[in-house]
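Student: Can we go through this model together? I'd like to know what stands behind each label.

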Amino acid sequence: MTELEEAEDVEIERAPVEDVTMEIFYKPHTMLLLVFVSVGLSLLVYFRNADRPVEDNLFTGACVMIGFFLLISTMIMPNGIFTRPHPILWRIVTGASLAYLLLMVGTCFLTLEQARSIMMYISPDLKGMDSKSILSKDYGVNCFNLTWARISADVDHFVLAHFLGWVVKAMLLRHYVLLWVLSINWEITEIAFAHILPNLNECWWDSLVLDVLICNGLGIHVGIWLCRWLEMREYKWESFKDILGTKGKIKRVFMQFTPRFWSETQWLNYNTPPTRGLLLSFLMIAWQ
């Protein structure tokens, strides 16, 4: 990446706001936010009923923790490329995405029953429901009955969701190979978790042809075409396989553990007379 591209990345990340007419909304108010959070948290802690069940306390604590994290996100997250209606909105979106990722990571350490109990606490309507209650259509039966009526029956709103989703993914990643790998891996993920959610159980032609090749494939191509039509910047994801020769690959592996660039530092200015005199003195002493 050249210095110009790095400068463009920094400029995009900071995304300065132009034509500011009300400066009060674009100046940091860190102390005011700190006072607001401290007062609100104190009131919530001291005036809240402490005799509630432990589940209620944990849920309230998690909600307050996420809210506090979103408030911190308004100060520490980058603006991003969007500045309308206000950069704070997109900082909160970034913080919410990160909070969701952390929640998913924490869920990986729960058993299936524990995760279900949490979902049932959040949404009591899920109690007593099984897979048949949420299964709107059975996609994995009579897979070899390939008739036009059967195929058209499987074309529902999920087809449009697949297509539009991969259009957006293509506009974000802008790389054919990476997009196709993600598309195929997602279908493998659906097959792996079909025993938990039967709605993911699909016929082979539904997964391979209708999803991967048609919906996902068309979405990928349309997204890349939109990027080129809108003259958007292309992303070049450098592959390790593009490096020619074993020596070059080994060198690249070792370079991964070195700094990305070096800054030259001169502790002594050799162009000044005192420094030159000192160096000549050392040479005279060394050669005596």
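Tutor: Buried means under 20% relative accessible area, exposed over 50%, and partly exposed in between, with a 1.4 Å probe and protein chains only. This is a predicted model, where local features need pLDDT of at least 70 and side-chain atom pairs pLDDT 80 or more, while totals for chains, interfaces and linings use all residues. Residues are numbered from 1 along each chain as its sequence is written, and side-chain values use heavy atoms, leaving out hydrogens and water.

Student: Which residues make up the largest nonpolar core?

Tutor: Five of them: W166, A170, L179, I220 and I224. Helices α8 (157-173) and α10 (204-229) each give two or more residues to this core. Helices here are DSSP runs of H or I, at least four residues, numbered from the N terminus.

Student: What does W166 touch, leaving out residues up to four places away in sequence?

Tutor: L179, L182, S183, N216, G219 and I220. A contact means heavy atoms within 4.5 Å.

Student: How do you know that the length of α3 agrees with what a helix should span?

Tutor: The expected span is 1.5 Å times one less than the number of residues. Helix α3 (residues 54-76) has 23 residues and should span 33 Å; its end C-alpha atoms lie 32 Å apart, so the two agree.

Student: Which residues of α3 are buried, and what do they pack against?

Tutor: D56, S73 and T74 are the buried ones, and they pack against α2 (30-46), α4 (87-107) and α5 (112-122).

Student: Why is D56 called buried?

Tutor: Because its relative accessibility is 15%, which falls below the limit for buried. Beyond its neighbours within four places in sequence, D56 is in contact with R48 and Y121.

Student: What makes D56 and R52 a salt bridge?

Tutor: The term asks for a side-chain nitrogen of Lys or Arg within 4 Å of a carboxyl oxygen of Asp or Glu. The closest N and O atoms of D56 and R52 are 3.9 Å apart, so the pair passes. R52 itself counts as partly exposed, because its relative accessibility is 37%.

Student: How many salt bridges does that rule give?

Tutor: Two. R116 and E113 also meet in one, at 3.7 Å from N to O.

Student: Why are R116 and E113 about one helical turn apart?

Tutor: Because they are three residues apart in helix α5. An α-helix has 3.6 residues a turn, so residues three or four places apart point the same way.

Student: Are R116 and E113 exposed or partly exposed?

Tutor: R116 is partly exposed at 36% relative accessible area, whereas E113, at 55%, is exposed.

Student: What makes the nonpolar surface patch?

Tutor: V35, V39, L41, L43, L44, V45, Y46 and F47 make a patch of about 850 Å². Patch residues have over 30% relative accessible area and no salt bridge; like charges are joined within 9 Å, nonpolar side chains (Val, Leu, Ile, Met, Phe, Trp, Tyr) within 5 Å. Y46, found in helix α2, counts as exposed because its relative accessibility is 68%.

Terms used:
A nonpolar core is a set of buried Ala, Val, Leu, Ile, Met, Phe, Trp, Tyr and Cys residues joined through side-chain atoms within 4.5 Å. Accessible areas come from the Shrake-Rupley method with a 1.4 Å probe; for residues, only the protein chains shown count as cover.
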